[in-house]
Amino acid sequence: MGLHGVKAVFFDLDNTLIDTAAAGRRAIEERPPRPLQVISALQSKHHYGEGEARAICDKVQAKLLKECHDPAKMCITDLRISHWEEAIQETIGGEANRELAAECYYLWKTTRLQHLTLAEDTRAMLTELRKGLRLLLLTNGDRQTQREKIEACACQPFFDAIVVGGEQKEEKPAPSIFHYCCDLLGVQPAECVMVGDSLDTDIQGGLNAGLKATVWLNKAMTAPVDISPVPHYIISSVLDLPAVLQKMEHNINAKLETDHMASSNE
């Protein structure tokens, strides 16, 4: 696919190319005959009731959603073990149990990584797109955590470059990280498209950086009437992206043809 106006596509990772949320749920839920999930371990090995085990896991999920991580103050491992430690103490009471918290964290982390996969149809799409475009993976987050996910889903071969926000001075939606990505690929912002599931980081960031287009992945497709910020395109599956790019190419070609006709008539 060769596009006159688009030379590169930037992809978000979590919940765009891979279903991180689903992998996290699977790492927690009890689904026999898979005994490795955290709830199963809390029940069978540590003799917690199902309600207590689920309450602990629900509290951890809530803490992860509100997580604010400063790598200068604490490594991500210590922070997330603390999430489990606090959740256990809030649910059960008594003394803090750092050892159990660490066991739960590593079990959750290992199981989640096992479930992080780049789907075969997504791989095929990336392979096809890369025949005519430069592709870059742009993900926010802690360096160690994101690099482990990238390794787990084996997505490196599909990209010309991979940029992790935790390794940069600023993360999405700061324009600087987008411009750094452009420099890496040797392209201009007006030649790039950003694809991601977050309005606040992916879409706002693409707009801040002056990219040619932003594509919001909204799997629910039940967006509020007043979306803010406003993406250029909305898709319900990342697999819909090629159709969007073709539409963009058609619009660009039509404009070029109109401009050519206008200049010929002058």
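**Figure 1. Helix 7 and helix 8 against the sheet.** In this predicted model, helix 7 lies across strand 2 (134-139) and strand 3, and its direction makes about 145° with strand 3. Helix 8 also packs on the sheet, where it touches strand 1, strand 2, strand 3 and strand 4. The direction of helix 8 is at about 150° to that of strand 2.

Figure 2. The strands follow the order 3-2-1-4-5-6 and pair in the parallel sense. Strand 3 and strand 6 (233-235) stand at the edges with a single partner strand each, so one side of each has no neighbour in the sheet. On average, and with direction ignored, neighbouring strands of this sheet are turned by 20° against each other. As background, the strands of a sheet pair through backbone hydrogen bonds, in either a parallel or an antiparallel manner.

**Figure 3. The pairing of strand 1 with strand 4.** Four bridges join strand 1 (residues 8-11) to strand 4 (residues 192-196), and the pairing is parallel. Which residue of strand 4 is the bridge partner of Phe10? The partner is Met194.

**Figure 4. A salt bridge between Glu167 and Arg147.** The closest N and O atoms of Glu167 and Arg147 are 2.9 Å apart, and the two residues form a salt bridge. This pair links distant parts of the chain, 20 residues apart: Glu167 lies in the loop between strand 3 (161-164) and helix 8 (175-185), while Arg147 lies in helix 7 (residues 143-153). Glu167 is partly exposed, at 30% relative accessibility. Arg147 is likewise partly exposed, at 29% relative accessibility.

**Figure 5. The packing of helix 3 on helix 4.** The axes of helix 3 and helix 4 are 9 Å apart and meet at an angle of about 135°. Helix 3 is therefore oblique to helix 4. Their crossing is right-handed. On the side of helix 3, the contact is made by Glu52, Ala55, Ile56, Cys57, Lys59, Val60, Lys63 and Leu64. Helix 4 contributes residues including Arg80, His83, Trp84, Glu86, Ala87 and Ile88.

Figure 6. Lys63 has its place in helix 3. Is this lysine, Lys63, buried or exposed? Lys63 counts as buried, because its relative accessibility is 16% and the limit for a buried residue is under 20%. When residues up to four places away in sequence are not counted, Lys63 touches His83, Glu86, Ala87 and Glu90. With one of these residues, Glu86, Lys63 forms a salt bridge in which the closest N and O atoms are 3.3 Å apart. Glu86 belongs to helix 4 (residues 76-92) and Lys63 to helix 3 (residues 50-65), so the pair ties together parts that are 23 residues apart in sequence. Glu86 is partly exposed, with a relative accessible area of 37%. In general, side chains of opposite charge can pair when their charged atoms come close.

**Figure 7. A salt bridge between Glu67 and Arg80.** The side chains of Glu67 and Arg80 meet in a salt bridge, with an N to O distance of 2.9 Å. Glu67 lies in the loop between helix 3 and helix 4, and Arg80 lies in helix 4, so this pair ties together parts that are 13 residues apart in sequence. Arg80 is buried, with a relative accessible area of 12%.

**Figure 8. The packing of helix 4 on helix 5.** Helix 4 and helix 5 (residues 98-114) pack at an angle of about 120°, and their axes are 8 Å apart. The crossing of these two helices, helix 4 and helix 5, is right-handed. Among the residues of helix 4 that meet helix 5 are Thr77, Asp78, Arg80, Ile81 and Trp84. Helix 5 takes part through residues including Arg98, Leu100, Tyr105, Tyr106, Trp108 and Arg112.

**Figure 9. The whole protein, as context for the close-up views.** The secondary structure comes to ten helices and six strands. Of the 266 residues in the protein, 45% are buried. Among contacts with a separation of 6 or more, 62% are between residues 24 or more positions apart. The whole structure holds 16 salt bridges.

Notes: Residues numbered from 1 in each chain as written. Predicted model: local features only at pLDDT ≥ 70, side-chain atom pairs only at ≥ 80, totals over all residues. Heavy atoms only, no water. Salt bridge = Lys/Arg side-chain N within 4 Å of Asp/Glu carboxyl O. Buried < 20%, exposed > 50% of the residue type's maximum accessible area, 1.4 Å probe, protein only. Pairing = 2+ DSSP bridges. Axes fitted to C-alpha atoms, helices over the stretch in contact; angles between N-to-C directions. Contact = heavy atoms within 4.5 Å. Parallel < 35°, antiparallel > 145°, perpendicular 65-115°, else oblique. Left-handed = near helix turned anticlockwise from the far one by under 90°.
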